[in-house]
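Q: I'd like to go through this model with you, one piece at a time. Could you have it open while I ask?

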Amino acid sequence: MTEPTTERQIPPPKTWLILGERTGDNAQVLALGRALGWPCTIKQIRYDDSCTVAFKDRGASLTGVDLNRSDPLTAPWPDAIIAIGRRSVPVARWIRAQAARPPLHIHLGRPRVDLELFDLVITTPQYNLPAAPNVIEITLPFVSVEAETLGRAAAAWHERFAALPRPWTAVMVGGPTPQLAFGVTEAQRMLAELADFRAAHAGSLLVTTSPRTEAAVVTALQAGLTRIAPGQSLFIPFGAGADNPYQAMLALADRFVVSVDSASMVAEAATRQKPIHLFHLPKIPPKVKPGLKSALSRNWRLRRKARQDAQQPADPLDRLYDFWTRRGKARPRRDIDQLENRLIAMGVAQPLDGEVQTDETAFRALRDEIEATVDRIQALWREKATK
C-alpha cells in the first residue's frame, strides 16, 4: 500500500535566483533565498540598454537580455524562481514557458504587469499595490544580516571607532531616486538636523554613503561634518579605499539615522532593534505628459491617492482603478511617504528631529511579517508539489 505524501516527503524545490544589475534588489532576492533554505542557483542577468522594446511589451522572452554577459539559461529547468523588478519579468516568464511543469514564480516589489502572471507578489507600502489573493504586503523588504559577518566587521573597525565618544550614531546616506530629491540642498538640511540631533544626544557620528550618493553631496557632507562635529565624526564615503564601514556601523552603532530613499538600509538597521531616525526627502513632481489620455490617467491616479490618504472607502472609480492596476494597465506612483508613515505609526522609527525609544513589540511585528511570508511560500510549494 502506498504511503500518503507528507510534508517531510516533499523535497525542496530547485530554485533559480534571478539577479539583475541593482545591488539592493539583488540583496533582497538573496535574502529570501536564504530565508527559505531551498537549494538555490544564482542566475546573473545582464541587460542590453540599447534595446528599445518596452518591458511591458516583451512578453515571455529574452528580448533585451545580453546573452553573452549573462549566466546560461538552459535545462534542467528550476522548480521555483525568485526575481525582482520589471526587467526580470520577461526573463522569468520565458523560463516558465520552457519548463514542462511551470516553476513556482515569486516576484518581489512591483512587476508592472498583470499580477495574475505570478504565484505570489511580495510588495512593500511605497508601491501601493491593491489587495489581491496572490499579493502579500510587508513593511520592509527582505534583508540578510549575518551575525558572523557583523562580528568580523566589528572586530576590524572597533579600534578605529573607539577613539570617538559614545553614543555612536550611524548615519546611512542614500541618494536621489526618480521620485525623491537628494542634492546639495538636502545635504545641507541633513547637516543642520544632525547638528540639532547632536546637541540633544551628544556622542559621535559615523557617516557613510551609498553608490547612489552624488559627488556634490559627498563633498558637502565632508565639509559640513568638520563644522558641526569637529573631532567627533568619522566620514567614510562609499568607494573611498578598499574597506567599507557599513557592516561595522550596523554591528556597533547605538542608534541609526537613515535617509528614507532606501527601504533596504532601513530594514537592515531594524534588524539591530535600536532607535532609528528617518531623514525625510522631498518628492520630485512627476513629469506631465501631453495629451488628453495622459491627463485623464494622471487625474484618476491622483484622485485614487487622495482618497486613500484621506482614508475614504473605495468607490466604484477607485475599485476600477485598482482592477486596472492588478491587470498592469494602471500604475500608482511610488510613494515613499507610505513607508515612512507606516514605520512611524508602528513605532519602528521616528523623524530625525523626533525622540525615539526602542520598541521591541514593533520589531517583533516586522519579524512576524517575514516569518508569515516564508510560511506562505512554503505552503505554495507544498500545494504545487502535491498536485
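Q: Which residue in β8 is the bridge partner of Val 171?
A: In β8 the partner is Val 207. Before going on, note that this is a predicted model in which local features need pLDDT of at least 70 and side-chain atom pairs count only at pLDDT 80 or more, while totals for chains, interfaces and linings use all residues. Residues are numbered from 1 along each chain as its sequence is written, and side-chain values use heavy atoms, with hydrogens and water left out.

Q: How many bridges join β7 to β8?
A: There are 5 bridges between strand β7 (residues 168-172) and strand β8 (residues 204-208), and the two run parallel. Strands here are DSSP runs of E with at least two residues, helices are runs of H or I with at least four, and both are numbered from the N terminus. Two strands pair if DSSP finds at least two bridges between them.

Q: What is the strand order in the sheet that holds them?
A: The order is β9-β8-β7-β10-β11-β12, an open sheet of 6 strands with parallel pairing. The edges are β9 (233-235) and β12 (350-351), each with a single partner strand, so one side of each has no neighbour in the sheet.

Q: Which strands does α3 lie across?
A: Helix α3 (residues 147-162) lies across β7, β8 and β9, and runs at about 115 degrees to β7. Such angles run from 0 to 180 degrees between N-to-C directions, with axes being lines fitted to C-alpha atoms, for helices over the stretch in contact; contact means heavy atoms within 4.5 Å.

Q: Switching to the other sheet, which strands stand at its edges?
A: Those are β2 (40-44) and β6 (135-137), each having a single partner strand, so one side of each is left without a neighbour in the sheet. This open sheet also has 6 strands, in the order β2-β1-β3-β4-β5-β6, with parallel pairing, and its twist averages 20 degrees from one strand to the next.

Q: And β3, how many of its residues are buried?
A: 5 of its 5 residues are buried, so to speak mostly covered, where buried means under 20% relative accessible area, exposed over 50%, and partly exposed in between (1.4 Å probe, protein chains only). Ala 80, Ile 82 and Ile 84 point one way from β3, whereas Ile 81 and Ala 83 point the other way.

Q: What does Ile 81 stand opposite in β4?
A: Ile 81 stands opposite His 105, and 5 bridges join β3 to the parallel strand β4 (residues 104-108).

Q: New topic: at what angle do α1 and α11 pack?
A: Helix α1 (residues 23-36) and helix α11 (residues 360-385) pack at about 70 degrees, with their axes 10 Å apart. That makes α1 roughly perpendicular to α11, a label for 65 to 115 degrees, whereas angles under 35 count as roughly parallel, over 145 as roughly antiparallel, and the rest as oblique.

Q: Which residues meet there?
A: Leu 32, Ala 35 and Leu 36 in α1 meet Val 374, Ile 377 and Gln 378 in α11. The residues of this contact divide into 5 nonpolar, 1 polar and no charged, counting Ala, Val, Leu, Ile, Met, Phe, Trp, Tyr, Cys and Pro as nonpolar, Asp, Glu, Lys and Arg as charged, and the others, Gly among them, as polar.
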